[in-house]
Structure formats: C-alpha cells, structure tokens
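Visitor: I would like to learn how to read salt bridges and helix packing in a model. Please take me through a case.

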Amino acid sequence: MKPVLTIQLNSGYEMPAIGYGTWQIAKSRTTDKVREALEAGYRHIDSAPSFRNQAEVGMAVKNWCESGKSGREELFLSSKIWNTHHSREKCLQQIDEMLTDFDTNYMDLVVIHWPFGWAEDDAGGYLPRGNDGKFIASNVDYLETWKALEDAHRSGKIRSIGLANFNLEQVERIWTKGLIKPAVLQVEMNPFFTQKEVRDYCREKGIALLATMTTGNPGSSCYRKHEDPNLLYNETLIAIAKSHGKTVPQTILRWIIDLGHTAVIKSVESKRIRQNINIFKFHLSTDQIERIEHLNLNFRILNPWLAIGLGTWQSKPGEVSAAIKTAVAAGYRHIDCAHVYQNQKEVGEALKDIFEEGKVKREDLFITSKIWNTFHSEAKAHENVNIILSDLQLDYVDLMLIHWPQGYAENEGLFPAGENGKMKYSDIDYLETWKALEADQKAGKCRSIGLSNFTHKQIQRVWDSAEVKPSCLQVELHPYFTQVKLREFCKEKGIVVVGYSPLGNPGSAFFRKDGDPNVLTNEVVASIAKAHGKTPAQIILRWFVESGLSAIPKSVTPQRIAENFAVFDFKLTPGEVSQIDGLDKNWRIVDLSQQRIIDNFSVFDFELTSEETKLIDALNRGWRLVDPSPRDGDHPFYGFNEEF
C-alpha cells in the first residue's frame, strides 16, 4: 500500500490526508504557526469563524501564496458555519466573510459546525446567553443551512460541503433531503473514542471522515478535565510508537490514515508541527491497528454527560425500570449495573423499551456491568458475561468490570457460606478472570474492560500481565473518602476513575451504621450549595466533574434523579473545590472486613472513672455477637487493609 497523501471526495476534489488545525491558537501566534505548518508540508489548513483567528490564518495563507512558494490551487482551505449563522441569510454572509479573510475566490470545504443553532441577534455575539446563563436556541432547521451551502457550492464559492459533530440520524436526514450529498463528516475520533459505527456509515455512503481531537486534546482545559485519560501516556501506544521510532501522536495519525480516514491536528510547538506530518514512510501492522482499536473507551472529550451516571445498586424490582427511563429522559447516558444486583433483567426490559421508542439509540448509551465473585474462573467469567448480555438484552456492554478481586466458591449461589460467617472462598487468581475479559473484548462482547474495588498493587499486577490494559477503576469515592493517592496512581496510567456511593450512601442501612457522618449535612457543603442555589448533592456531584471524575449516584426518586444530573449549568470556584477536598476523613463506607474502624473523635473529650470502668468490665458474659473472623477480610486478595 502506497502512502496516502490525499483522498478523493465524492465532490470530485482531493483532500490532503493530514491537516493543520487552528483551534485555540492565540491570534498573536496564528500567522507564524500557520506559516510553519505550510513550510513543514501541510497543505490542508482547517479554521472556523468561532476560533476567532480566521483573519490571521488568512493572512498567513495570503503571505505564503504571494511569496510564490505554492499557488492557491495547491492548498486546501476549510472552515465552518457557526451556530449563530444557521439561517440562509446569515450563512451566506459568513461564507463571504470567509472568502474575505482568506483573500480567495473559493473555499475548498465548508461544514456546518454543529447541528443546533443559536440566536442570531448580533448583540448576543457568538455565544448568546439568556439571564439564566444558558445559550439562547434558535428555531432554524439545519436543513436551511444546508440548502444555503448547496447554493454557495453551485455558485463556485465552495468546492465541497459537509458536516461536523452531527450524529448519524442527523447525517442521514441531510443525505436523504439534501440535493448535494455531504462530502465530509468532521468528528472527534481517537483511540479512546474510535467511532467505529460512524466510520462504517461513512464508508458505506462514500463520505470522507475527518478526525479531530486525534490525540485527545491533551493540552486544552476547554473540555478536558484534570483526570481525563491521556492518550500520550498510554503504554500500548507508547510501545507501538517505540517499535517504529515514532511519537505517540505520529502513531495515532498513522492509525487514522491506515484506516482510510483523514485528520487535522493542532500544535504550536515547532518540533511537533514538523513531526506530526512526518508519517508517510511507515505503516502499522494489522495486529497493531487491532491493539489500538481495543483501546476504545467510548470516551468523548466533547461530551461531559458521561461524567454522571445512574447507579442501580439496591434499586428494587419494580423501581429500577422507572428509574432508568426517568434518567434517560433527563439526559443520563451512563447506566451502571452488576450481576449481583439481581435486577439486570428489569434493566434490560427498560433499555428495550427505550430503544423501541426511538428517541435514544443503543450507541447513545454507555452501559457498565460487573463480573461477580462466584464467576472468577475463565469458563465461569465467560458464562457471566453471556448471562449479563442476555439479561440486559444487549449484544455488547460498553464497560465490563471485575467486581472484586476476591473470588468465592463457584456453583454454590452468589454468597456461598463457609464456617464462622465467612464466605466460602475460591483460590482462583483474578488474573485468570482478566484473561477471560480480554477474550470477550476481542469477541466484541465488551468494548472496554476494567476493575472495581482493586488496590493500586492489584491494579499494577493486572497491568503488568495484561495484553489489554484496564481502562477504568470503579471505587467508593466521596468527599469523606477522596482516594487521592489511588486517583493519582490511575491518572499516571490513563485509567478513568468512577466513584460509587458519591453522596456517602445516606439512605442505605446495608453498610452505614447509626452515627456515621453524613456528607449531605456537612456545613461546608451546605454553605457552597446555598451560594450557588443548588442542593448539597448537586454540589458534591459538581465536585466530581470539576475533579475530572465520574460518579454514579443511585436514586429511584424522579426529582432527585433529575437534580443529580442538573450539574452542568454552573461551576465551583477553585477555592470551593479545595474546601471540599479538605473534608476527607479517609472514611470508607463499603468495607467487607466487618472490622471497620471509624475515626470518631468525640470519644476523646471525656474520660470514664475507674469505678465506671469496673462496672462495664463486670458486664462480661463471654457472649460473642459478631464473630471477629471477617467475611472477606482474610481472603488473600481482599485489599481494603491496604492504604490505597
């Protein structure tokens, strides 16, 4: 296979395989950086009015052409129609502004930046907001915008037209109703968000896929959160890059090209600008491409909605179905399940109803489940995956976790009882369970695989032996148990952290005891909630979002379900985040050792007299209420005796 330098568009024109992106480049640097890109060999320059530097991009292009280093026809210039220019009049106006910015008679490609329009009142600018702080929507149908692009294409102002950030249903609507077919679909795509269904659709329709956010946008704080997974630190990508003597970004770009797609990548570092286009003298092997495909986390940088999911633990039969339907209607796209919750059949029925209704598709949801402790052998782990898929009525789950590192005796129920109140353990190593999950991922049954309730030492052990690295760790996490060291460990490895019991599990008597602290009544949290006009639960869940964490609060109450998701219309200040960070008590709710020690400092402000001590001593009857032998605590893989 010859190196792919350009691809043929359905419009009859050719588009370079690699383009230089200009989003988030400061105006003062834009002209110089675009010049450097052109000197390095880039011929596709991608811009947009909303980037606020298009005039500077145009100046660099104009200077380049006037210098005689190349003609205009050798360049491929692309731009986008912004959300405030969706009406026909505004769209055509913006196209003329592009031509002026670039001092050109035509654009090679113009796409509709987003499918949704915003108010077009000039006073509102590019980001029109109402008094409630939300963007003011317009009622302009993107079909009107498309017809304006068609007219501009016919007049010769645009050679190819396309779409950006449209879902497949929206693309199909344009495909069906438009007179000119989209030539390009520009979407976020990288090894953590492989977009396979979108890629397959584009191949079928003959639409060129143009990938953005190709390296996960590691240097940006616009959408990325502190602890989002970082592609550049992924050990699989590092190993593949090393085998070719290339960088991780070069490897990712080669992966995109070897799949037959194109990409735009932005950098302002001169060395990286040159490196990123130096990718046409090597190829990835079929095995390497497959290994990269397996890194998929379905992790969208531009979609914050997966940060808050719905937990289903302790949701009773008859309640969980309604809770899931309420959650999805409220905007949730992340649903957390497990075999041991014993409610997955009802979850499956709810999902079936949701998909049949047609408003939400399977690919729109992120479904997690977990292998239970009595299914740790390779054969039983495969069996459990199949049971889970059958119960959920799904062909695949987005994420499958090993629920706990410790295994129980198999074929004796979910909680096989041993002697003295202990569980009946198995001696199966969780590494065997992990190998089974790797096989099921390759078989397409699990898109991503991970761990739950594992310590850092156990994670490292899996990491060292794994062909497919853990992509996620689900653990108890809340302001009274912030797990900072474990989070830092996961951050270094690019492992996403999901917190269960994020609100301290206030309504459960399963692990909580009378007198346990309640984070929802904490004065610091209450004060911050009052300042923002939010509930304490919303403040805590926003703290998760601000900290780059995902949370799965459980509720079956419609009002609370909706409230728990309504955390994307405000932000905490850095000081408020620090205040909540400071609440940590290292207090774990979920402890299967049954020997939990809770720091209760109220026992140190008084003393018993010697007489009182003797009176209590005299109460001894030699009667044991709770066997000190723990349920799971002496299992060799039980990890909660470790610091993290």
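Guide: We take salt bridges, then a helix pair. This is a predicted model: local features need pLDDT of at least 70, side-chain atom pairs count only at pLDDT 80 or more, and totals for chains, interfaces and linings use all residues. Residues are numbered from 1 along each chain as its sequence is written, and side-chain values use heavy atoms, without hydrogens and water.

Visitor: How many salt bridges does the structure hold?

Guide: A salt bridge needs a side-chain nitrogen of Lys or Arg within 4 Å of a carboxyl oxygen of Asp or Glu. The structure holds 29. Asp-32, Arg-35, Glu-39 and Lys-69 are linked in a network of them.

Visitor: Which distant parts of the chain does the pair Asp-103 and Lys-62 link?

Guide: Asp-103 sits in the loop between α3 (88–102) and β6 (107–112), Lys-62 in helix α2 (residues 54–66), 41 residues apart. Helices are DSSP runs of H or I, at least four residues; strands are runs of E, at least two. The N to O distance is 3.9 Å.

Visitor: Is Glu-438 buried or exposed?

Guide: Buried means under 20% relative accessible area, exposed over 50%, partly exposed in between (1.4 Å probe, protein chains only). Glu-438 is buried, at 4%. Its salt-bridge partner Lys-435, 3.5 Å away between closest N and O atoms, is partly exposed at 39%.

Visitor: At what angle do α1 and α9 pack?

Guide: Axes are lines fitted to C-alpha atoms, for helices over the stretch in contact, and angles run from 0 to 180 degrees between N-to-C directions. Helix α1 (residues 27–40) and helix α9 (residues 270–277) pack at about 35°, their axes 9 Å apart.
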